[in-house]
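Look at the sequence and the structure, then read the points below.

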Amino acid sequence: MGRTAKPITLTTEERSTLEGYARRFTTAQALAKRSSIILALAQGKFGKDVAREFNTSQVTVCAWRNRFIKGRIGGLIDAPRSGRPRTITDSRIERVVVTTLESKPVDATHWSTRDMAKHIGISKNSVARIWKAFRLQPHRVGTFKLSKDPDFVPKVRDVVGLYLNPPDNAIVLCVDEKSQIQALDRTQRILPMHPGRIEMRTHDYERHGVTSLFAALNVASGEVIGECHTRHRAKEFISFLNRIDTEVPEELAIHVVLDNYATHKTPAVKRWLKKHPRYSFHFTPTGSSWLNQVERFFALITGRLLRRSVHCSVKDLVAAISNYLKTNNKNPKPFKWVKSAEEILASIERFCLHTLRAHNPDDIKEISGTGH
């Protein structure tokens, strides 16, 4: 005959607390399981039955029974572990953060974990943990450019309005030139990819000339009208406009989105526009090439073709570009523009205010509330 287990009697408050621990999602799983065991024992269940129900051993059930009888609910909670005492003080952490934000090492543009560890006198792992806690990444750098165009707001609304609400009986084309595309050949034969080995090529190359790609992206369909020229002057631009004029049905008006490149505004181009009244030019703000959707097409053709292509002549390069355009136009896919002009302007405003708050907090009141 074994010893009789001590019965467990719960007060109303204890039962309520244990039931809360057992069913609350934020409770640690260990504490939830212990609470459920005590509740089951309080119902008069045998230890072996409780052990089977909760997939544990009778020794464990007995241990938590005794812990609860001795310390009640407090006995179910693990005591804090001693662990290693903290060695880095708050003042030293503050010094790491301030040094990272307000200074640079003598021989570098930014701090590394090793440089900071040596400077402060702690381990590089400690520096890494502090940087992670304060979301500091001195090894990374981003880019930005704010347009200084005085007509930035009306130009954004004009261009985005064409994307989201194109006019009836008209076509919207994004036009630009990708200049100085080089026909590059490697100095030795390329080693093809094999299982377990990537493609290999020499780091040096031979230049065989350049070409410029003129492209007009149909915003609605994703089709691209393109041709290559050796130069990208107003003369070549007008030649490309004539090409567009022959390919777009005569009954459609043509709205052209383009940047402020000098060749787009020459007297010769203005004279051409007067002779072709169905054309309307819509210029993006200066320094805002991201508004022109054809730039996204240029990024695609660069990544898929130009960056790793090998060509022995400009003729081969032009042929490869023409083939890419032909393939693209067989199954074109337009880019989906989703942000309205107001959303774009609000995003830029938030960026400006965030930057001022970090660098010139006294200027925030002057700019806030002035609108776009």
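**Helix H5 and its surroundings**

In this predicted model, helix H5 covers residues 90–102, 13 residues in total. From its first C-alpha to its last, H5 reaches 18 Å, close to the 18 Å expected at 1.5 Å a residue.

- The buried residues of H5 are Ile93, Val96, Val97, Thr99 and Thr100.
- These residues lie on the same side of H5, because they cover an arc of only 165 degrees around the axis.
- On the face turned away from that buried side, H5 carries the exposed residues Asp90, Glu94, Leu101 and Glu102.
- Helix H6 (113–120) and helix H7 (124–133) are what the buried residues of H5 pack against.

*Strand S4 and its partners*

- Strand S4 spans residues 253–258, and five of its six residues are buried, so S4 is largely enclosed by the rest of the structure.
- S4 runs parallel to strand S1 (residues 170–186), and five bridges join the two.
- Within this pairing, valine 172 has histidine 255 in S4 as its bridge partner.
- S4 also pairs with strand S5 (residues 279–283) in the parallel sense, over five bridges.
- Here the bridge partner of valine 257 is histidine 282 in S5.

Key. Residues numbered from 1 in each chain as written. Predicted model: local features only at pLDDT ≥ 70, side-chain atom pairs only at ≥ 80, totals over all residues. Heavy atoms only, no water. Helix = DSSP H or I, 4+ residues; strand = E, 2+ residues; numbered from the N terminus. Expected span 1.5 Å × (residues − 1). Buried < 20%, exposed > 50% of the residue type's maximum accessible area, 1.4 Å probe, protein only. Arc of directions from axis to C-beta. Contact = heavy atoms within 4.5 Å. Pairing = 2+ DSSP bridges.
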